[in-house]
Each structure stands twice: as structure tokens, then as C-alpha cells.
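Please look over the chain shown here before reading the notes that accompany it. They are meant to be read with the coordinates open.

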Amino acid sequence: MRRTARRLADGREIVYFDDDPQAPPRDAVDTRDLPAQRPRSEIRLDPLTGEWVAMAAHRQTRTYKPPADLCPLCPSTPGRPTEIPEPDYEVAVFENRFPSFAQGVPEPGDPVLGDLAPRRAAVGRCEVVCFTSDHDSAFVELSPRRARTVVDAWADRTAALGRLPGVEQVFCFENRGEEIGVTLHHPHGQIYAYPFVTPRTERMLRVAAEHHERTGRHILGDVLAAERAHGERVVATSDHWTAYVPAAARWPVEVHLVPHRQAPDLPALTDAERDDLAELHLAVLRRLDGLYARPLPYIAAWHQAPVRTGRELSWLHLQVFSVLRTADKLKYLAGSESGMGVWINDVTPEQIAERLRAAG
Ligand SMILES: [Zn+2]
């Protein structure tokens with residue numbers, strides 16, 4: 001894998017990752033006349049839940065469902081420069097033009113509720129990860145080698161963003177499908193670098209700490225061993241990873257990909273674990289598309305250790321889930337889920353696992 005870092009016209013960073021070290025040099029210049037971005041996003045603490053909420057009003061002007069010939073993630077062609085100056089690329093990662101979190105965000109003004117609801121600059125970074133230059137492709141259609149390059153790109157960015165001032169947690173994810181709210185059809189994912197530990201990670205770390213205190217072991221290691229021994233919810237396995245439907249799945253379709261060894265984050269994975277992950281990730285996505293015989297809208301969310309805390313207690317895993325409960329019916333997050341945070345699932349995890357095994 002070869003890595004080339006460049007700058008776009010407005011100073012944003014773009015990094016190319018090539019499967020082939022002999023790929024053409026990535027030295028194209030961004031010819032656009034772009035104004036420098038001055039994101040003004042902020043975070044406010046919800047005084048009732050103790051959770052941060054990000055506000056990024058400047059994002060309302062962002063690109064919304066452009067026609068394919070105006071796709072900003074396709075390679076540039078003569079007369080039509082895009083976000084990616086090269087005439088072709090393999091994997092490209094660049095800073096989001098409309099970020100919710102960014103470096104150099106100004107501190108917000110006066111408190112809105114005295115000490116009760118502190119507000120801070122939304123310091124961090126948001127990046128876009130393009131998986132291929134082919135507009136009409138999808139992650140599931142990548143070669144294992146290209147998927148491996150994406151894994152390397154995620155690991156590279158996780159380490160790089162974790163070194164930025166103010167960043168406490170790095171989240172790599174992919175939203176796929178209009179049902180998830182995807183506004184650009186080009187195969188891509190995103191990376192958020194947050195200035196705080198996210199509520200879900202904080203909660204999982206608390207549970208992991210309690211389990212470790214009681215047993216001296218990792219909660220996810222124990223869950224993984226039990227799932228593998230039990231087998232009923234296991235969807236696919238490889239030498240270094242197991243994919244299973246979690247015992248208390250919240251979503252009508254949900255699969256966790258878990259490494260057999262405790263690793264806090266993607267940079268900690270070995271070459272063999274990364275190769276294996278690329279293959280298993282593709283195999284799981286093929287099963288998901290086979291479930292309803294249609295491309296499944298999904299969210300793929302990487303759970304990684306925070307930058308500074310809980311690294312010994314964290315166990316990297318990928319959570320892939322869908323809002324689709326039949327081929328054409330969506331699960332909405334309604335009263336119980338949205339109001340109370342209590343999920344009601346219409347199918348059992350054992351049924352989902354059985355269908356996913358059959359869908360291969
Ligand atoms: Zn495109």
C-alpha cells in the first residue's frame with residue numbers, strides 16, 4: 001500500500017491510498033477557486049443527560065443528492081474538477097468541506113444557560129473516505145485487496161486523527177442507502193474525530209470495567225467465547241474474526257464482527273488480522289444483500305477505544321445494522337426507541353442469524 005498526502009485548493013488535506021505501489025503518482029493540483037472554510041460549529045452539554053450535542057448550522061448548505069454527472073467524489077475530468085483532483089484513484093480520504101467538527105473552530109460566545117449548559121468549540125475533524133473511483137460500485141463489490149486498502153486507510157486515519165489537538169475518540173463508519181439518509185451515492189464512508197468520549201462508548205467502558213473488576217476478564221472476550229461455543233447466532237468465521245448476531249440485537253438486521261484477540265483499535269491489528277477482516281467484511285455484506293435479494297441499506301460502525309482512556313478495557317469491533325425489517329418496510333425509531341431509548345425488535349437474533357447463514 002502506498003500513501004500520498006496532498007492539499008486541496010482551500011487547504012484541506014487529501015490522502016491517497018493505493019493498493020499498488022506502482023500506481024501513477026498522485027500529484028494532480030486542485031484548480032478550483034475555493035474560499036477557505038471557516039466552520040463555526042459548537043457543542044453544548046445537555047444538562048439533563050450529561051451528553052454533548054453538536055450544532056453545525058453551516059452544514060445546511062451542503063451538497064444534497066447531486067446528479068451522477070455532478071458527483072463531487074468522482075475523479076476530476078478536464079473542465080469538471082471535483083473534490084478529488086486526480087483523473088483516477090483507488091482509495092482517497094479528504095477533509096469534509098462541511099464538517100461538524102474541525103480544527104480551528106472559534107470558541108462560541110456567552111453561555112446559553114449559565115453553568116448549566118456549557119458550550120465549547122466543536123474541535124475535531126470530519127473526513128470522507130472514498131472506497132473506489134467507480135461511482136456505480138459499492139463496498140460489497142470491492143476486491144479483497146481493495147477492502148484491505150480501506151482497512152489500512154481507516155487505521156492510518158484513526159492514528160493520525162487521534163494525534164490532533166482536542167480529539168478524544170475516532171469513529172469510522174459507512175452509511176449506505178437512501179433509507180439511511182445518504183445524500184451522495186458514490187461508495188464512501190466517513191470518519192468523525194470527536195472532542196469527547198461518545199455516550200455509547202462511555203457506557204460500554206463502564207460495563208467493561210465492572211465486568212473486569214468482578215472477573216478479571218474482558219466482557220467482549222467472554223461474549224465472543226460464548227457465542228462461538230453456542231454457535232446459534234454465528235454467521236461467519238475466519239482464523240482471526242467471528243461475525244455473529246448479538247444476543248440482544250436492537251435492529252431487525254444486526255451483525256458484529258469481532259477479532260479473536262483484544263485490540264483497542266484498528267491501528268493495533270496485525271497484517272494477518274487485516275487481511276482476514278477484509279475478506280470477512282465482504283462475506284458478511286454479501287449475506288446482508290442476499291437477505292432480501294436487494295442491496296441492503298445499512299450502517300457499519302467501528303467501535304474503537306478512545307484516544308486517551310479505557311484502552312486496556314476496549315475491544316475493537318464492527319457493528320453492521322439495518323433499518324430494513326422486510327424487503328420494503330423500514331423500522332422507525334418511534335416512541336419507545338426515541339423517547340425512552342428502549343428498542344423493540346420484531347425478530348429474534350436467532351432467526352436473523354439463521355436467515356443470514358442461509359443467505360450466503
Ligand atoms: Zn461519483
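**The chain as a whole**

The coordinates are those of a predicted model, and in it the chain has six helices and 14 strands. Its radius of gyration is 21 Å, close to the 21 Å that the globule rule gives for 360 residues, so the chain is as compact as a globular protein of that length.

| Property of the chain | Value |
|---|---|
| Span of the C-alpha trace along the principal axes | about 60 × 55 × 40 Å |
| Residues counted as buried, of 360 residues | 38% |
| Contacts with a separation of 6 or more that link residues 24 or more positions apart | 69% |

**A three-stranded sheet**

Three strands form an open sheet in the order S4-S3-S6, and their pairing is antiparallel. Strand S4, at residues 52–55, and strand S6, at residues 119–121, are the edge strands, each of them pairing on one side only. Neighbouring strands of this sheet are turned against each other by 30° on average, if direction is ignored. Strand S3, which covers residues 42–45, runs antiparallel to S6 and is joined to it by three bridges; within this pairing, Ile43 has Arg120 of S6 as its bridge partner.

**The recorded active site**

An unreviewed UniProt entry lists His188 under "active site", an annotation that may be inferred rather than shown by experiment. In the model, His188 is found in strand S9, which takes in residues 188–194. Is this residue buried, exposed or partly exposed? His188 counts as partly exposed because it has 19 C-beta neighbours inside 10 Å, whereas a residue is called buried if 20 or more other C-beta atoms lie within that distance. When neighbours within four places in sequence are left aside, the contacts of His188 are Leu73 together with Val128, Val129, Cys130 and Phe131.

**The recorded C-terminal domain**

The unreviewed UniProt entry also places a feature named "domain: Galactose-1-phosphate uridyl transferase C-terminal" at residues 212–358.

How values were computed:
Residues numbered from 1 in each chain as written. Predicted model: local features only at pLDDT ≥ 70, side-chain atom pairs only at ≥ 80, totals over all residues. Pairing = 2+ DSSP bridges. Helix = DSSP H or I, 4+ residues; strand = E, 2+ residues; numbered from the N terminus. Axes fitted to C-alpha atoms, helices over the stretch in contact; angles between N-to-C directions. Buried ≥ 20, exposed ≤ 12 C-beta atoms within 10 Å, placed from the backbone. Contact = placed C-beta atoms within 7 Å. Rg over C-alpha atoms; globule rule 2.2 N^0.38 Å.
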